[in-house]
Amino acid sequence: MNTFILIVLYVIYFSVLILLGYVSYKMPKIKVTKSETEETEEIKNTSQNYIYTGILLAIVGILVNTYILVQGTPLESHLMEWLNIVIRLLHITFGIAWIGASFYFVFLENALNRTEDVRDELAGNLWAVHGGGFYYLEKYKVAPKTIPKHLHWFKYEAYFTWLSGFCLLFVVYYFNASAFLIDKNVMDISATQGILTGIGSFVVGWIIYDQMCKSGLIKNQFWFSIIGFILLIAFAWFYCQVFSARAAYIHFGAMIGSLMVANVFFVIIPGQKEMVRSAKLGIPLDPSLGKKALARSLHNNYFTLPVLFVMVSNHFPSTFGYEYPWVVLAIISLGAAGVKHYLNLKEKKELNVWILPVSVVILLAACFITAPSTNPTECKTQVSITEVQTIIEKRCVQCHSSAPTDDTYKVAPNGVKYDTPEDIVKKKELIMQRVILTKTMPQNNKTNMTEEERNIIRCWIEQGASLK
């Protein structure tokens, strides 16, 4: 793109950013008098949300402009790494807020006192102590007689978790699709095909799940859970047939995360808005709205642990590096859901002695099946560092050196460099884990490292990783 156009766009974006920042600063100082209606206050809050959205879009515009400016230069990978860090931090922060709120409200629902000193209009109450203070909470069966003026809504943490996660998906996997999303050894597709498949699968997943919730199947929780689990694992299997194993894992988590946020956006919040509207107008409330919102919220609660596992699994190649990575996803999803079910029952004081041990055994099965072979090929000859360095220079230093020649990485990923034999010896444990045991390096076997070369490196490490 022409440099002049980029400069003009910078001027526009920064001008909008400064203007919106000033308006956002002044907006809270505008006082709403008693004579003004509650509707005016709502318009003010809605306007504030639009301003925040405008600020966010202006920042995105500046980042896109900067990416276009540095594309193809050494600064490109530097920019992408910092984007990765910042967006990942935002995603984790919003995710903690969302999951924390989800856990807390499901705990409240499970732990409510529903029998002692409970007024007729209430479903229950709960006393709690936290942070040096005592709290007393009440849940209404339907709604209070008068809806309070200041009603807090829990929704933005969900929306921003998904938005930041979607941005992270682009930064890590879609901008570098040929390096991270696509593995030609799995399926030879273009980057565009891969991206459209990934995004399209989220939409398909939501349509299937939503129709299940609207069907009569929802009334039978057992079969709903069984069929839902089978469909989830079908998605996991599908992703592993299309993407690299690491990308398959993150798409599995992103698909479940999309179901969760869609539950909030399309069902929970609209249902709650209708309940508030009906209460304000004094018309009869539809109790099914509350039940549907509660059911979707409970589904989100059970989805949480598998999503958290996927978020951390990308740092542990023993998981996605397994020969059948979708099996690990199935085991972890089942075991994690079992643990969550045990905790939910415990909060209701409905203890079950079998659920937790069985869930732990299921989770341990993932550790067992991913264990490396204890009977590898015999090392018949002494391997020298020269042989190993030759392989490393042929297959690894394109990325892992002081001057990478890879088309994606312009600096060594995670600072790992193999410039000298001493560098190789220092990283022998890491090489054993990523190159030998999990075979997750080279990334998607981009440089075509052979089994014979991996065995040579393994023998050298097992023989003491000598510098001779």
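The legends below walk through an overview and several close-up views of one predicted protein model.

A note before you start: this is a predicted model, in which local features need pLDDT of at least 70 and side-chain atom pairs count only at pLDDT 80 or more, while totals for chains, interfaces and linings use all residues. Residues are numbered from 1 along each chain as its sequence is written, and side-chain values use heavy atoms, with hydrogens and water left out.

Figure 1. Helices (H or I, at least four residues) and strands (E, at least two) are DSSP runs, numbered from the N terminus. Along the principal axes, the C-alpha atoms fill a box of roughly 85 × 65 × 45 Å. Of the 468 residues, 40% are buried; here buried means under 20% relative accessible area, exposed over 50%, and partly exposed in between (1.4 Å probe, protein chains only). The accessible surface comes to about 27400 Å², and 66% of that belongs to carbon and sulfur atoms. Areas come from the Shrake-Rupley method with a 1.4 Å probe, and for residues only the protein chains shown count as cover.

**Figure 2. The largest nonpolar core, a set of 60 residues.** A nonpolar core is a set of buried Ala, Val, Leu, Ile, Met, Phe, Trp, Tyr and Cys residues joined through side-chain atoms within 4.5 Å. Leu181, Tyr239, Phe252, Met255 and Ile256 touch the most other members. Helix α8 gives the most to this core, with 14 residues. A second, separate core holds 21 residues, including Ile385, Cys396, Val435 and Cys459.

**Figure 3. Leu181 and its contacts.** Contact means heavy atoms within 4.5 Å. Leaving aside neighbours within four places in sequence, the partners of Leu181 include Tyr173, Tyr174, Ile195, Phe243 and His251.

**Figure 4. Tyr249 in helix α8 (residues 245–281).** Tyr249 counts as buried because its relative accessibility is 0%. Not counting residues up to four places away in sequence, Tyr249 touches Phe309, Val310, Ser313, Asn314, Thr319, Phe320, Pro325, Val328 and Leu329. Look for Tyr239 too: Tyr249 and Tyr239 are 10 residues apart in sequence and 7.7 Å apart in space, C-alpha to C-alpha.

**Figure 5. A nonpolar surface patch of about 460 Å².** Its members are Leu56, Val60, Val64, Tyr156, Phe160 and Leu163. Helices α2 (38–70) and α4 (156–174) are the elements that give two or more residues to the patch. Patches are made of residues with over 30% relative accessible area and no salt bridge, like charges being joined within 9 Å and nonpolar side chains (Val, Leu, Ile, Met, Phe, Trp, Tyr) within 5 Å; a salt bridge is a side-chain nitrogen of Lys or Arg within 4 Å of a carboxyl oxygen of Asp or Glu. Val60, found in helix α2, is partly exposed, with a relative accessible area of 37%.

**Figure 6. The loop between α15 (428–437) and α16, with Pro442.** The peptide bond from Met441 to Pro442 is cis, with omega near -5 degrees. Asn448 is found in the loop between α15 and α16 as well, and its phi is near 60 degrees, a positive value in a residue other than glycine.

**Figure 7. Arg458 in helix α16 (residues 451–462).** With 5% relative accessibility, Arg458 counts as buried. Its side chain makes a polar contact with the side chain of Asn455 (3.3 Å). A polar contact is a pair of N or O atoms within 3.5 Å; within protein, one must be able to donate a hydrogen and the other to accept it, and residues adjacent in sequence count only if both atoms are side-chain atoms.
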